[in-house]
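Biologist: I have not looked at this one before. Can you put it up and take me through how the chains sit together?

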Amino acid sequence: MSFSVTEPSVATKWFAGTAVMLYAIITILPLMWIIATGFKSPADSIAYPPKVVFEPTLEGYVNLFTQRTRLNQDDLDALPPPETWYDEMVREQGQVITGRSRYGERFMNSVIIGFGSTFLCMVLGTAAAYAFSRFRVPLKDDLLFFILSTRMMPPIAVAIPIFLMFRQLGLNDTHLGMILLYTAVNLSLSVWLLKGFIDEIPVEYEEAALIDGYTRFQAFYKVVLPQAATGIASTAIFCLIFAWNEYAFAVLLTSGTAQTAPPFIPTIIGVGGKDWPAVAAGATIFLVPVMVFTILLRKHLLRGITFGAVRK
Amino acid sequence: MSSFINGLLRLRRGPWEMVASTLIALGVIMLMQPFALALFTYSFIVTLTGTVTFIIVSHFPE
Amino acid sequence: MIHTPMDKIAEATPEPLARKVRGLSDRAIAWIFVAPSIFLLLAVNIFPLIWTIRLSFTNYKVNRPNREIDFVGLRNYERILTDSDTWMTMQATAHFLIWTIVLQVLIGFALAYLLNMKFKGNDMWTTIIVFPMMLSPAVVGNFWTFLYQPQIGLFNYVVTFFTGGDPSSFSMIGDVQLASWAIVIVDTWMWTPFVMLICLAGLRSIPDSIYEAAECDRASKWRQFWTITIPMALPFLMLAVLFRGIENFKMFDLVVQLTGGGPGNTTTLTSIDLKREAFEKWRTGYSSAYAVTLFVTVFGLASIYVKALNKVKER
């Protein structure tokens, strides 16, 4: 190891490592608690003092996906024996399953709207970013600022006219409306981020292709797109995470058919009192994919959160 | 300081952007301060002036 | 507004080459590529914005579509800006804004400073710390109400365990005094990693040679920190502060799930107040004017933000 005056001593490093580790453990605790609560029984979840060691059960997950009603013991005994393990689990709580809950639907809405808007956003964003990166676009700087400023706007303030407009067009509470809206909101991120990624690809590659007789368009999708693949992928994940997490527009503009999971999860209630394990189960299923994506994205996080301004 | 005034007179972007940013910051502080309702009342017009100024002066030469 | 060297290289396809390119001209392609995005933004952002500005001069109410719409001039603006309730809302927002920024900058910078020492396991801890900020604020905020429950909540249990308070009467979000701190705590938990990441980038952008030179001049570590580290990292810090400022000025999802604005109006931030006016009381004209005042403020802050962004980009 080379000696450097700026290199901190071993003791300092050890102290730094311990301090950061402590912070990391405290900060991850609420998330661990969400995951753990999902596997607790309703009684364990509201025990005092809070239970760290408990017997794991899937009750929360069963309750999340089903609608149930409470029966008294006589009626329960009169029923034919339970057919499935989850039937049995619900019976033990003194309840019977009356149907499926809407969580699955809401989750699928999140998937459809998330992926739909991300796809649209990447198509529009890549084209615009390429143009901003390579051509003289009139009023380029003003357009770029305008695009960025659309993201800064408070969602509630934007939602007032959007609500009126969607009502006129019949887009309220539709997948298409939400996809268009999220695409518009994410466009700023995708244009700015992708412009940064495309800026880094040397122009010489395209010029060589152009000299070889490619058209501009061919040069764009045969030379630039493959080169920008990593950038496009990480930008897409950022757009997806945003659409996935969005709450304000979703709660104001959707209610029935197109409602996504974030406005739905807080409304989960059990039979008689808030069913925290079910809420936690819903949250876990919803949050864990984002955690996985975060690990995949870790090299590009900084770029994403600063709209591509800070690269390393 | 004199180069700042000079820049203002010659309509340069740098110093004018400083002025506009200061106005915006002042407007935001007026909007959220807990001291006088009158300041709150006039905060919007200050922020608006600052923002419009900023849009205009960002087109001045460096 | 954006002038990186990259732009200058990229902009110019050499003139002789441009003439030889087959197919559509560069100019046509530029238009074809940019137009759809601009069109979508015009339809979904600018058109509604103009509509809002127009409505802000009227007494329109969505839930009474048959009522005649009167132009009331600046009366909506006058009402908002002289209303002491709105002013109180702004102060609640200010409390939230100032304390979240102070805490996040202090903790975030400290963490970045420690992480910059490049100890073992550095990357793993960074990724773990970053998790909260990537998650859905509404879902996480909702779950925090569980952690904040009196008696059964984990947060309350830990606090009463160490302070020896009565666990059944200690409530964070039900208490008039503590509710405004409850939202500060959750926001800080969530967004400190954001400030940390940007500060870390700032610290890493400082070349070692400067510290080596200072070491040769026998400047103390303390002095090096204030004369090199802080000034060099300042543009990055500015960026983080401005961005968090804008984001928290329009904060909605997290706080509405945590406290819903209560108890009383103690945590009614601007966006929550606006939501009530627009979507519960349906005072569309009035809330449009309210929205316009927020637009202008955010737009102003955003221009400063872009200026800060470019400053960082030059580094």
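Modeller: This is a predicted model. One place to start is the contact between chains C and B, which takes 18 residues from chain C and 18 residues from chain B.

Biologist: Which elements of chain C give two or more residues to the side that touches chain B?

Modeller: They are helix 4 (75-82), helix 5 (84-115) and helix 14 (284-313) of chain C. The largest share comes from helix 14 of chain C, with nine residues.

Biologist: And how do the residues on that side of chain C divide by class?

Modeller: The side of chain C that touches chain B has nine nonpolar residues, eight polar and one charged.

Biologist: Now chain A. How many residues does the contact take from chain A and from chain C?

Modeller: That contact takes 96 residues from chain A and 89 residues from chain C. On the side of chain A, helix 1 (residues 10-38) gives the most, with 15 residues. By class, this side of chain A has 73 nonpolar, 14 polar and nine charged residues.

Biologist: Which chains share the most contacts?

Modeller: Chains A and C do, of the two pairs of chains in contact. Chain A and chain B do not touch, and their nearest C-alpha atoms are 9 Å apart.

Biologist: Back to helix 14 of chain C. At what angle do helix 7 of chain A and helix 14 of chain C cross?

Modeller: Helix 7 (residues 140-152) of chain A and helix 14 of chain C cross at roughly 125°, and their axes come within 10 Å. The two helices are therefore oblique to each other. Their crossing is right-handed.

Biologist: Which residues meet there?

Modeller: From helix 7 of chain A, A:F145, A:L148, A:S149 and A:M152 meet C:V298, C:F299, C:A302 and C:V306 of helix 14 of chain C. Seven residues of this contact are nonpolar, one is polar and none is charged.

Biologist: Let's stay inside chain A for a moment. How do helix 9 and helix 12 of chain A pack?

Modeller: Helix 9 (residues 175-199) and helix 12 (residues 229-245) of chain A pack at an angle of about 155°, with their axes 10 Å apart.

Biologist: Parallel or antiparallel, roughly?

Modeller: An angle over 145 degrees counts as roughly antiparallel, and helix 9 and helix 12 of chain A are therefore roughly antiparallel to each other. Helix 9 of chain A passes helix 12 of chain A in a right-handed crossing.

Biologist: What residues make the contact?

Modeller: Helix 9 of chain A brings A:Y182, A:N186, A:L189, A:S190, A:L193, A:L194 and A:F197. Helix 12 of chain A brings A:G231, A:I232, A:T235, A:F238, A:C239, A:F242 and A:A243. The contact has ten nonpolar residues, four polar and no charged ones.

Biologist: Change of topic. What is the mean pLDDT of chain C?

Modeller: The mean is 87, and 93% of the residues of chain C reach 70 or more. Over residues 1-11 of chain C, the pLDDT is below 50. That stretch has 17 contacts in the model beyond near neighbours in sequence. Where pLDDT is low, the predicted coordinates should not be read in detail.

Biologist: And what are the scores for the model?

Modeller: The model scores ipTM 0.92 and pTM 0.90.

Biologist: Last one. What domains does the assignment give for chain C?

Modeller: The domain assignment gives domain 1 (1-55) and domain 2 (74-313) of chain C. Taken over C-alpha atoms, the centres of domain 1 and domain 2 of chain C are separated by 34 Å.

Conventions: Residues are numbered from 1 along each chain as its sequence is written. Chains are lettered from A and ligands numbered from 1 in the order in which they are written. This is a predicted model: local features need pLDDT of at least 70, side-chain atom pairs count only at pLDDT 80 or more; totals for chains, interfaces and linings use all residues. pLDDT is the predictor's confidence in each residue, from 0 to 100. Two residues are in contact if their C-beta atoms, placed from the backbone, lie within 7 Å. Helices (H or I, at least four residues) and strands (E, at least two) are DSSP runs, numbered from the N terminus. Ala, Val, Leu, Ile, Met, Phe, Trp, Tyr, Cys and Pro count as nonpolar, Asp, Glu, Lys and Arg as charged, and the others, Gly among them, as polar. Axes are lines fitted to C-alpha atoms, for helices over the stretch in contact, and angles run from 0 to 180 degrees between N-to-C directions. Angles under 35 degrees count as roughly parallel, over 145 as roughly antiparallel, 65 to 115 as roughly perpendicular and the rest as oblique. A crossing is left-handed if the near helix is turned anticlockwise from the far one by less than a right angle, and right-handed if clockwise. Domain bounds come from an automatic or database domain assignment.
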